[in-house]
Amino acid sequence: MKRDIKWGLSCFFFCMLMMVNASAEEGNITPGGQNSFFYNSSGFINAETYHGETYYDSNESFIEVIGAIAREDMKCSGILASVTTAQAILESGFGTTGLATEAHNLFGIKASESGNNWENSTWDGESIYRARTAEQTKSGHEYFIIDDFRAYSNIVDSVGDHSSYLVGAVNGDHYRYDGLQYCKDYRTAATIIKAGGYATDVRYVDKLCSLIEQYNLTRFDQPEEGPVETAAQENESETAASEQEAQ
């Protein structure tokens with residue numbers, strides 16, 4: 001199956017536009033530049049320095065930031081934005097884990113993931129962040145290990161590397177997540193990701209699908225056409241419509 005991976009000028013200029021570089025003071029982490037940006041409910045905010053504070057002031061703002069990045073990434077990678085956003089929520093706890101805040105790694109991608117055998121990686125090949133992580137046996141028994149994870153200079157690189165991994169990682173003589181690129185059904189996509197060995201959590205597919213449905217993440221799978229209702233706004237609209245009907 002031919003891999004149509006167009007990490008071209010559109011992705012480059014989008015990364016420049018987002019301007020989410022950030023620096024970290026501890027650990028072997030690639031430092032970002034000055035004039036970084038973070039996000040709160042008012043939008044992207046210019047931050048002259050960044051010292052480990054969260055980019056987001058709420059779960060909703062995290063979703064809007066990652067959803068927008070994932071929508072742009074989908075144009076290049078063919079990975080559903082809804083699935084990317086759901087994985088970021090689940091893997092990073094809405095961007096609150098140490099791995100997310102200090103290493104900008106939203107997806108738990110390890111330093112030696114799948115033999116590092118995929119192309120178009122946005123990781124520098126050296127920066128790592130050591131962290132404790134939970135794993136599960138096939139029967140669902142949870143245990144913890146200490147492992148090295150990739151550290152990125154910004155969250156756009158994290159999203160890009162995640163997608164390039166899903167598209168290009170191989171297992172033997174075949175693609176690890178074959179059939180995922182350009183898949184249009186989020187449950188099918190989540191099933192392919194789990195079957196490819198992305199996570200050991202026995203409920204991983206159900207958890208991703210639940211997040212997609214709860215937060216209406218499929219809206220990010222559609223081209224942006226003016227203001228888009230968030231899940232909270234959608235609920236408010238439905239409540240208002242119901243009240244009007246009752247009057």
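The legends below describe close-up views of a predicted model.

**View A. Helix α3 and its surroundings.**
Helix α3 spans residues 81-92 and has twelve residues. From its first C-alpha to its last, α3 reaches 16 Å, close to the 16 Å expected at 1.5 Å a residue. Ten of the twelve residues are buried, so α3 is largely enclosed by the rest of the structure. The buried residues are Ala81, Ser82, Val83, Thr84, Thr85, Ala86, Gln87, Ala88, Ile89 and Ser92. They pack against five named helices: α2 (59-77), α4, α5 (155-168), α6 and α7. Gly93 follows α3 and has a positive phi, near 60°.

**View B. The buried side of helix α7.**
Helix α7 runs over residues 204-214, and its buried residues are Tyr204, Val205, Leu208, Cys209, Leu211 and Ile212. These residues cover an arc of only 160° around the axis, which puts them on the same side of α7. Among the elements that cover them are α3 (81-92) and α6. Just after α7, Asn216 takes a positive phi of about 55°.

The side chains of Glu72 and Lys75 meet in a salt bridge, at 3.0 Å from N to O. The two residues are three apart in helix α2, which means that about one helical turn separates them. Lys75 has a relative accessible area of 61% and is exposed. This pair belongs to a structure that holds seven salt bridges.

**View D. Salt bridge between Asp147 and Lys110.**
Asp147 forms a salt bridge with Lys110, and the closest N and O atoms are 3.5 Å apart. Asp147 lies in strand β4 (residues 142-150) and Lys110 in the loop between α4 and β3, so the pair ties together parts that are 37 residues apart in sequence. Asp147 is partly exposed, with a relative accessible area of 23%.

**View E. Salt bridge between Asp148 and Arg130.**
Asp148 forms a salt bridge with Arg130, with 2.7 Å between the closest N and O atoms. The pair links distant parts of the chain, Asp148 being in strand β4 and Arg130 in strand β3, 18 residues apart. Asp148 counts as buried at 19% relative accessibility, because buried means under 20%. Arg130, at 59% relative accessibility, counts as exposed.

**View F. Positive phi at Asn120.**
Most residues other than glycine have a negative phi. Asn120 is not a glycine, yet its phi is positive, about 65°. Asn120 lies in the loop between α4 (98-103) and β3 (128-136). With 36% relative accessibility, Asn120 counts as partly exposed. Lys110, shown in View D, is in the loop between α4 and β3 as well.

**View G. Positive phi at Tyr182.**
Tyr182, a residue other than glycine, has a positive phi near 70°. Its position is in the loop between β6 (174-175) and α6 (186-195). Tyr182 is partly exposed, with a relative accessible area of 38%. The helix at the end of this loop, α6, is among the elements that cover the buried residues of α7.

Note on methods
Residues numbered from 1 in each chain as written. Predicted model: local features only at pLDDT ≥ 70, side-chain atom pairs only at ≥ 80, totals over all residues. Heavy atoms only, no water. Helix = DSSP H or I, 4+ residues; strand = E, 2+ residues; numbered from the N terminus. Buried < 20%, exposed > 50% of the residue type's maximum accessible area, 1.4 Å probe, protein only. Arc of directions from axis to C-beta. Contact = heavy atoms within 4.5 Å. Expected span 1.5 Å × (residues − 1). Salt bridge = Lys/Arg side-chain N within 4 Å of Asp/Glu carboxyl O.
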